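Please take a moment to look over the model shown below before reading on.

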Amino acid sequence: MVPATTPAPHTSVPTDLRDRPQDRPQDRSQDRPDVRPYDALVLASFGGPDGPDDVMPFLRNVTAGKGIPDERLAEVAEHYLHFGGASPINGQNLALQKALATELERRGIDLPVVWGNRNWSPYTKDAFAAAHADGARRVLALVTSAYGSYSGCRQYREDFWQALETLGTELGQPGEHPLVVDKVRPYFNHPGFVAANVDAVVEAFDQVPPDARVVFVTHSIPDAMEAGSALAAPSYREQHLDVAASVAAGVAERLGRPVEWDLAYCSRSGPPSQPWLEPDVNDHLAVLAQRGVRAVVLSPIGFVSDHMEVVYDLDTEAMATATELGLEAVRADSVGTREPFVRGLVDLVLERAAAARATDAGGPTVPRATVGDLPAWHDVCPPGCCRRQAGVDSGRPTTCGVDPLL
Ligand SMILES: CC1=C(CCC(=O)O)c2cc3nc(cc4[nH]c(cc5[nH]c(cc1n2)c(C)c5CCC(=O)O)c(CCC(=O)O)c4C)C(CCC(=O)O)=C3C
Ligand SMILES: [Fe+2]
């Protein structure tokens with residue numbers, strides 16, 4: 001143990017290079033956070049229709065081969081048409097792209113941000129093509145889903161593979177992938193995502209009585225997908241319970257009183273015979289009302305922005321349910337472009353770049369910031385990660401993971 005009064009040992013290299021007279025503007029690159037080996041950041045999202053004519057083609061893209069009944073499709077088409085046929089998700093992704101570019105620039109990081117979607121224009125392949133044309137050869141993908149599951153992780157990794165195949169063919173090199181793609185880990189338990197949700201819930205409490213209960217909401221998935229999500233890591237549901245507990249603890253600390261909470265689900269689809277995660281948020285509100293709860297804050301922790309599930313399934317449907325039940329309800333913001341979230345995403349980009357450099361050099365791994373009880377997710381998804389269904393292989397090759405090729 002070194003006594004506190006002992007001066008720090010001197011090293012032969014001055015630690016603050018900015019004090020040196022030879023410091024010139026061109027040396028400033030040394031102060032810049034290092035994002036090597038990446039040439040571009042690809043914001044990878046779900047996509048959504050831009051107008052009424054896009055709605056059905058978009059829905060067919062999303063549900064190809066998924067066994068979603070026609071009645072459900074017609075119902076979801078109505079949700080989009082109710083909002084003029086345009087999803088808010090595209091504008092939100094543009095805003096996030098801009099916020100990321102601004103934060104990168106603020107930190108002196110020179111990394112272009114391109115945007116592409118799995119289900120609608122601009123497609124992932126368009127984003128890869130733009131980055132490639134700009135000279136990029138290794139890119140980092142950041143998906144707009146915070147959680148690991150087939151929908152939020154592997155399905156994007158399959159899409160990246162397919163986009164690289166198509167781009168290779170378009171560039172006259174079929175079978176060659178013109179880019180190396182890595183991925184930022186699912187960030188549900190990153191401090192930035194949790195902090196932004198804490199802020200949003202604390203703000204929502206301004207509008208309800210102090211004893212309001214927090215109902216955290218996420219997208220339901222089939223039980224089979226939940227089981228598939230648990231093969232190589234904590235399950236989708238477990239990830240949400242961990243985030244909910246962290247956010248509730250943060251809110252309780254800020255408000256100086258205990259906070260009661262639950263996790264509920266929205267947006268189930270699929271045939272009625274297929275079990276999906278429950279309780280549905282509407283059913284759950286009825287149970288709470290019956291138990292004597294008078295007010296709730298709905299916190300959409302499963303969604304990073306206010307897209308269709310949030311503005312329809314929560315703001316329209318669940319709010320109507322609450323009104324019918326005589327429950328006072330307010331919806332907390334999704335993280336959107338809140339500062340702690342955007343800063344956290346840029347921290348994650350730097351973390352992933354440092355990890356890539358360490359791995360490339362065969363060196364030790366880098367520290368990973370988390371909150372809650374679960375470990376940081378894998379940078380490179382292990383075999384079996386985020387299966388659509390346990391024991392069933394989708395038969396589609398992936399990037400960003402170590403699955404054997406099929
Ligand atoms: C876990 C999860 C997220 C959260 C993670 C993430 O954010 O990625 C998510 C996000 C989204 N889901 C979206 C839209 C749709 N999802 C559908 C269908 C499905 N979602 C599923 C899961 C998830 N989905 C599943 C298991 C299905 C069944 C079909 C299948 O097994 O894959 C359908 C088909 C119709 C229906 O059945 O509802 C639509 C139109 C949009 C765009 C919204 C907009 O336009 O603003 C977004 C962001
Ligand atoms: Fe995964």
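**Around the ligand**

Helix α1 (55-63) gives the most residues to the shell around ligand 1, namely three, where helices (H or I, at least four residues) and strands (E, at least two) are DSSP runs numbered from the N terminus. This is a predicted model, in which local features need pLDDT of at least 70 and side-chain atom pairs count only at pLDDT 80 or more, while totals for chains, interfaces and linings use all residues. Residues are numbered from 1 along each chain as its sequence is written, and chains are lettered from A and ligands numbered from 1 in the order in which they are written.

Of the 28 residues around ligand 1, those that come nearest are Gly48, Ser87, Ser269, His307 and Met308; a residue is near a molecule if its C-beta atom, placed from the backbone, lies within 6 Å of it. Two or more residues of this shell come from each of α1 (55-63), α2 (70-82), α5 (150-170) and α10 (308-325). Sorted by class, the shell has eleven nonpolar, 14 polar and three charged residues, where Ala, Val, Leu, Ile, Met, Phe, Trp, Tyr, Cys and Pro count as nonpolar, Asp, Glu, Lys and Arg as charged, and the others, Gly among them, as polar. Because domain 1 (40-187 + 338-360) and domain 2 (191-331) both give residues to this shell, ligand 1 lies between them; the domain bounds come from an automatic or database domain assignment.

Which residues does UniProt list for "binding site"? Its unreviewed entry lists Ser87 and Tyr156, with positions in the numbering used here, feature names shortened, and annotations that may be inferred rather than shown by experiment. Ser87 sits in the loop between α2 and α3 (89-106), and it counts as buried because 26 other C-beta atoms lie within 10 Å; the cut-off for buried is 20 or more such atoms within 10 Å, for exposed 12 or fewer, with partly exposed in between, and C-beta atoms are placed from the backbone. Leaving aside neighbours within four places in sequence, Ser87 is in contact with Gly48, Pro49, Tyr80, His307 and Met308, contact being defined by C-beta atoms, placed from the backbone, that lie within 7 Å. Tyr156, by comparison, is found in helix α5 and is buried because it has 25 C-beta neighbours inside 10 Å. Not counting residues up to four places away in sequence, Tyr156 touches Ala44, Arg118 and Val143.

Helix α4 (residues 124-133) has Thr124, Ala127, Phe128, Ala129, Ala131 and His132 buried, and its buried residues pack against β1 (40-45), β2 (113-117), β3 (138-143) and α5.

Finally, some details of the backbone deserve attention. Most residues other than glycine have a negative phi, and most peptide bonds are trans. Yet a cis peptide bond, with omega about 10 degrees, joins Arg36 and Pro37, and Cys386, although not a glycine, has a positive phi of about 60 degrees.

Key:
Two residues are in contact if their C-beta atoms, placed from the backbone, lie within 7 Å.
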